[in-house]
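Please examine the sequence and the three-dimensional structure shown below before reading the report.

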Amino acid sequence: MILELDGLGVRFGTREILKDLRVSLSGRAIGLLGPNGAGKSTLIQTLVGFVKPSAGTARVLGHDISRERTQIHALIGYMPEDDSFIANMSAVAFVRMMGELSGLPRETALERAHEALFYVGLGEARYRLLGTYSLGMKQLAKLAQAIVHGPKLLILDEPTNGLDPPARQRMIRLIQEMRDSGEMHLLICSHLLRDVEETCEEVLILKQGRIVHTSNLEQERRANRRFVELEAYGHHHGFADAMTALGCECSPLGLGRFRMVLPEGFDLKEIYRWASGRDVQFRRLNHRRDTLEEIFLKAMEN
Amino acid sequence: MAVYKRTYKAFDGALTPGWSRFLILPRSSFGQVTQSKFVMVYLMACFFFPLLCAVFIYISHNVAFLQTFNIPAARLFAIDNKFFEFFCTFQGTMASLLTAFIGPQRVAPDLANNALPLYFCRPFTRAEYVLGKMSLLVYFLSLITWMPGLVVFIIQASLAGWQWTRDNAWILGSLLLGLMLWDLFLSLMALALSAWVKWRIAAGALILGVFFAGAGFGSAVNAIVRTSYGSLLDLRQVISVIWAHLFRDVSATAEISAGAAWGALAGAAAVCLWLLARRIRAFEVAR
């Protein structure tokens, strides 16, 4: 289990920021969504150990956040949302120092600092002072310091903040590559639904400090493949009955349009096979696709 | 060394022991201190007085030289507890200025650039951070305080003979304790003040202000309230009283007692620790 929240609550003074959060997540890439002020960053800060929970507890990679903070810190890489850097240091010296602080031996830290900077695309600029970097380059340097020591869980807080479209694409591609490498899990906090949709398998949606929805996007995508809308042209009379006979639920919508629910293991070729014998053309066949935006908006309505 | 690997790979080698990681901070910042020409020139200037002391000790023991220039030995300063107390006062003042030059760069930029979450999301504690940052300051301050003091004492001991060394061994203890204590306090104060104001230049000015404005403020308090306890705000006077106490200087006249001075230094250190505990955090809560 990557993340287990067990009645987790956080209070700043009289303000209750997180309330009784209970969930277990095990996906390779977990997205944390919510409107401004929902408590996303506070949850991240609590998981990283910067904020003490006022109620309940949480486990990160099986370690309790209150009692085993050092073990958690040894296993995670963290890329904060805000500008965080050491101005009078070159990128390679900065990433090397961060690697050493995570426990890498000196030579290994230097080697991995170079590798990490090349990996994120800062290879040519690695000897420049961080203070001279653009916002996008600083984001990439933050990513490099978060991965230099090879963490088991990478926590990214708004990783595409302030990036122009090409830089955003590069960041998303890097996140996808790291996810697909199978070497680490990712927890990504973003207010950009598209970023989460492109990178995450599971999402946790927060609203006013409470969990309002958890969803496995992979399962939802697979489930959505069973819902089909199609538009037929030609002699399509009897199509609905034929599909029902094949085990589908099919409802005609008029003007040759049909909505169908396919049974488990149904092969779409069956539809084309039926059509080919009757001179029926399909002009459109769409799988229903609940976008993350729809999931998010539904969760907000709830 | 392969530096061009565009794939991510995990690390599964042996890690360094946790206790040694605070030493990474001074090693990483050492070059930042030494690359400043001004600081290097100042550091060299700080060795001038110890060199002068060493030359003076050598001359005072060189009978042939004294006879050649017809200098009566009785007219020279005695190499005793007051000599080393003055050494402490002079080098201690130089150390205060060095602290104002190199101290604020240690913590203020990290706070200004929000770098603390990057340190504390690793297996690295706040105490280790403070220890690491302090150790560089303590190193440079030691270089101009007790280290040359020790050399000067050894020169005197080697020239004055075993009897003098045995009779005055306590001076070495006082010298080391007094200067090490001052180095630690200066480092702690530099970190605390720069963490408080978060701005390097302002922190440097504040450190100087504590030494030079503290005396004036203390005198004003003494005059207004008609007490001598205002002098506790004058850290230079506080440490002078402590050094006089350590060097058993009965001729020293001060407005405050040694006990009050020790208490004031401990109180100031406690305030610095409190400031550091409040400021050196990965995350500030806006209540």
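The structure is a predicted model. The domain assignment divides chain A into domain 1, covering residues 3-220, and domain 2, covering residues 226-287. Taken over C-alpha atoms, the centres of domain 1 and domain 2 of chain A are separated by 45 Å.

Strand β1 of chain A (residues 3-12) pairs with strand β4 of chain A (residues 55-60) in the antiparallel sense, and 5 bridges link them. Within this pairing, A:Glu4 lies opposite A:Arg59 of β4(A).

Strand β4(A) also runs antiparallel to strand β5 of chain A (residues 63-64), to which 2 bridges join it. On this side, A:Arg59 has A:Asp64 of β5(A) as its bridge partner. A hairpin is formed by β4(A) and β5(A), with 2 residues between the strands. In the turn, A:Leu61 has a positive phi of about 50 degrees.

## The open sheet of chain A

Strands of a sheet are paired through hydrogen bonds of the backbone, in either a parallel or an antiparallel manner. In chain A, an open sheet is formed by 4 strands in the order β12-β13-β11-β14, and their pairing is antiparallel. Why is one side of β12 and of β14 of chain A left without a neighbour in the sheet? Strands β12 (249-254) and β14 (280-287) of chain A stand at the edges and have a single partner strand each, so one side of each has no neighbour in the sheet. From one strand to the next, the twist averages 25 degrees.

One pairing in this sheet can be followed in detail. Strand β11 of chain A (residues 227-234) and β14(A) are antiparallel and pair over 7 bridges.

## The contact between chains A and B

In the contact between the two chains, 44 residues of chain A meet 33 residues of chain B. Several elements of chain A each supply at least two residues of the side that touches chain B: α1 (40-48), α2 (69-75), β6 (76-79), α3 (91-101), α4 (106-120), α5 (135-147) and α6 (165-181). The element that gives the most to this side of chain A is α4(A), with 7 residues. By residue type, the side of chain A that touches chain B consists of 22 nonpolar, 14 polar and 8 charged residues.

## The helices of chain B

The secondary structure of chain B comprises 14 helices and 0 strands. Along the principal axes, the C-alpha atoms of chain B fill a box of roughly 80 × 60 × 35 Å. Of the 287 residues in chain B, 39% are buried. Among contacts in chain B between residues at least 6 apart in sequence, 77% join residues at least 24 apart.

Two packed helices are described by the distance between their axes and by the angle between those axes. The axes of α3 (residues 48-60) and α9 (residues 146-160) of chain B come within 10 Å and cross at roughly 5 degrees. Angles under 35 degrees count as roughly parallel, and α3(B) and α9(B) are therefore roughly parallel to each other. From α3(B), the contact is made by B:Pro50, B:Cys53, B:Ala54, B:Ile57 and B:Tyr58. From α9(B), the residues are B:Pro148, B:Val151, B:Val152, B:Ile155, B:Gln156 and B:Leu159. The residues of this contact divide into 10 nonpolar, 1 polar and no charged.

Methods
Residues are numbered from 1 along each chain as its sequence is written. Chains are lettered from A and ligands numbered from 1 in the order in which they are written. This is a predicted model: local features need pLDDT of at least 70, side-chain atom pairs count only at pLDDT 80 or more; totals for chains, interfaces and linings use all residues. Two strands pair if DSSP finds at least two bridges between them. Axes are lines fitted to C-alpha atoms, for helices over the stretch in contact, and angles run from 0 to 180 degrees between N-to-C directions. Two residues are in contact if their C-beta atoms, placed from the backbone, lie within 7 Å. Ala, Val, Leu, Ile, Met, Phe, Trp, Tyr, Cys and Pro count as nonpolar, Asp, Glu, Lys and Arg as charged, and the others, Gly among them, as polar. Domain bounds come from an automatic or database domain assignment. Angles under 35 degrees count as roughly parallel, over 145 as roughly antiparallel, 65 to 115 as roughly perpendicular and the rest as oblique. A residue is buried if 20 or more other C-beta atoms lie within 10 Å of its own, exposed if 12 or fewer, and partly exposed in between; C-beta atoms are placed from the backbone.
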